[in-house]
Amino acid sequence: MTAAASPKLALHAVTQRFGETLALSPTDLAVRAGEFVSVVGPSGCGKSTMFNIIAGVLQPSGGRVLIDGRDVTGRAGEVGYMLQKDLLLPWRTVLDNIVLGALLKGKAGPKERAEGVALARRYGLGDFINHYPSALSGGMRQRAALMRTLAMHRDVLLLDEPFGALDSQTRFAMQQWLLSVWEREQRTIVFVTHDIDEAVFLSDRVVVMSPRPGRIREIIEVPIPRPRPVSALTSPLFSTIKQRIIDLIYENSPALEPAHV
Amino acid sequence: MSDRHALLLRLVYPLVALILVIAGWALAVDVFEIPRYVMPSPMDVANHIADDWPALVKGFGQTFMEFLLGFLAGAIAGFVFAVLMDASRPVRGILYPILITSQAIPIVAISAALTIWLGFGLAPKLVIVALVVFFPVVVNVLDGLASVDKDIINLVRSMGASRFSIFRHVKLPATYTPLFSALKLSATFSVTGAVIAEWTASTSGGIGAYLLQANSRLNTAGTFAAIVFLALLGLVSFLLVIAAEYWLTPWRSGSKARRWSSSYWKDETGG
């Protein structure tokens with residue numbers, strides 16, 4: 001494993017049982033500080049279970065989750081997370097939604113709000129600070145949701161298919177935008193998706209999972225140099241990596257035709 | 001420009017409707033030679049209103065007071081009931097039958113009993129009006145509280161929000177839209193409630209009592225004058241709810257926060 005001696009985020013033998021079913025068999029994973037790791041796999045592979053355990057909203061049946069070596073198993077609020085649904089509060093302005101973390105604790109003072117405004121300006125929502133979410137497009141709403149996550153000041157960001165509901169053009173624009181945010185903010189990102197192109201384009205490593213029982217099948221390195229231009233998507237290296245992932249995912253289900261993926 | 005034009009049209013159409021109804025009414029009384037004690041003309045009613053203006057205005061004020069206080073009491077009680085029922089299963093189990101029963105009893109029946117218990121003053125009227133508002137508010141606010149997305153609750157919890165903070169920032173605002181639907185529906189019914197209450201204990205001098213007196217004397221112009229004032233009361237109560245809704249739920253009527261609100265970011269640098 002390429003992770004350094006003390007990884008930012010580590011899973012040690014994390015296991016989840018729901019009654020008789022083993023949703024996630026004992027799993028180990030180490031993510032370096034500042035690394036971008038994607039998790040792909042068919043439904044039922046345990047990636048959502050793993051997401052919820054890392055987010056701390058689900059207590060695993062066994063194993064430990066460590067951040068900087070600290071045990072944070074089953075503790076919510078240690079990582080920033082974001083879902084496919086933007087979960088913006090309709091009755092709050094974009095700015096109030098960005099500083100929601102401070103607002104909930106009654107600490108949204110001028111300093112926090114100014115910081116929220118700076119985030120909004122830096123990442124393309126400067127003209128919508130005082131708007132309500134209903135006035136925003138799907139892509140803009142997801143930007144606001146990511147800024148809310150950034151404003152939480154957590155080193156580890158957990159994103160669960162954040163662009164899954166967007167059309168493909170917006171989605172591609174958002175992927176490039178996310179990379180620019182990540183390069184500037186120096187956070188560690190764990191990104192769950194079932195879009196293999198998205199996983200390869202964004203990540204340093206892709207964790208491929210498989211179902212019954214849910215487990216990590218293999219971890220694939222993506223040695224495409226950064227910053228990655230759009231042309232990276234059609235390079236031979238990209239295709240080789242993508243093919244390898246497809247093989248891993250569909251190896252056990254010959255009924256599916258890989259060419260259509 | 002076109003905005004002002006549209007606003008003008010919105011005011012003009014109801015006015016035209018009103019004029020048409022009054023004109024049709026005047027014409028019908030004239031053409032069919034309907035006796036005055038059956039159906040007065042609009043002019044008779046207008047004359048009556050002018051003659052008895054002080055009594056009508058006093059009655060209007062009285063009934064409006066009954067409506068306003070009863071409406072607020074019922075809305076607040078309903079809201080508190082709903083919050084308690086949402087917070088605890090046993091409370092919901094115990095309160096639900098009471099709630100349903102309170103709806104099953106006809107208002108008129110309670111009205112008679114309330115007069116015996118509470119006398120002829122303001123109290124029984126307030127209770128009747130409050131009862132009218134109470135049920136729709138409880139049901140709608142309960143719906144609003146239950147409609148909050150579990151993922152939002154999870155998210156704000158992970159951001160370190162306390163139970164109170166979750167209620168204040170997430171659950172409470174989610175009740176506003178269904179709450180105002182309930183209030184709009186029951187605003188005009190509440191006026192009916194006030195009138196019914198005045199009929200069973202008619203010493204208060206409200207518009208309902210005025211109507212009953214005029215009716216018993218076959219004073220049709222007086223009856224119609226009371227009807228006009230009751231219609232006005234219904235409209236005023238409805239408009240009050242609309243105004244409160246506009247004021248308290250700015251995200252539903254505009255795309256931006258209002259400039260004077262505390263969440264509006266005023267930019268000194270002007271970017």
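This is a predicted model: local features need pLDDT of at least 70, side-chain atom pairs count only at pLDDT 80 or more; totals for chains, interfaces and linings use all residues.
Student: Which strands are the edge strands of the open sheet in chain A?

Tutor: The sheet has 6 strands in the order 6-7-8-3-9-10, with mixed pairing. An edge strand pairs on one side only. In chain A this holds for strand 6 (80–82) and strand 10 (215–221).

Student: In which sense do strand 3 and strand 9 of chain A pair, and which residue stands opposite Val39(A)?

Tutor: Strand 3 covers residues 36–40 and strand 9 covers residues 205–210. They pair over 4 bridges, in the parallel sense.

Student: At what angle to strand 6 does helix 5 of chain A run?

Tutor: Helix 5 (residues 138–150) lies across strand 6 and strand 7 (156–160) of chain A. Its angle to strand 6 is about 165 degrees.

Student: Which helix gives the most to the lining of the largest pocket?

Tutor: The largest pocket has a volume of about 560 Å³, and its lining has 12 nonpolar, 5 polar and 4 charged residues. In chain B, helix 8 (163–200), helix 10 (220–248) and helix 11 (250–253) each supply at least two residues of that lining. The one that gives the most, with 5 residues, is helix 8 of chain B.

Student: How many charged residues are in the lining of the second largest pocket?

Tutor: This pocket holds about 440 Å³ of space. Among the residues closest to its centre are Asp86(B), Arg163(B) and Lys171(B). The lining divides into 9 nonpolar residues, 1 polar residue and, for the charged class, 5.

Notes
Residues are numbered from 1 along each chain as its sequence is written. Chains are lettered from A and ligands numbered from 1 in the order in which they are written. Side-chain values use heavy atoms; hydrogens and water are left out. Two strands pair if DSSP finds at least two bridges between them. Contact means heavy atoms within 4.5 Å. Axes are lines fitted to C-alpha atoms, for helices over the stretch in contact, and angles run from 0 to 180 degrees between N-to-C directions. On a 1 Å grid over the protein atoms alone, a cavity is a set of points where a 1.4 Å probe fits but cannot get out, and a pocket is an open set with protein on both sides within 12 Å along at least five of seven lines; lining residues have an atom within 4 Å of a point. Grid points are joined across faces, edges and corners, and a volume is the space filled by probe spheres set on the points. Ala, Val, Leu, Ile, Met, Phe, Trp, Tyr, Cys and Pro count as nonpolar, Asp, Glu, Lys and Arg as charged, and the others, Gly among them, as polar.
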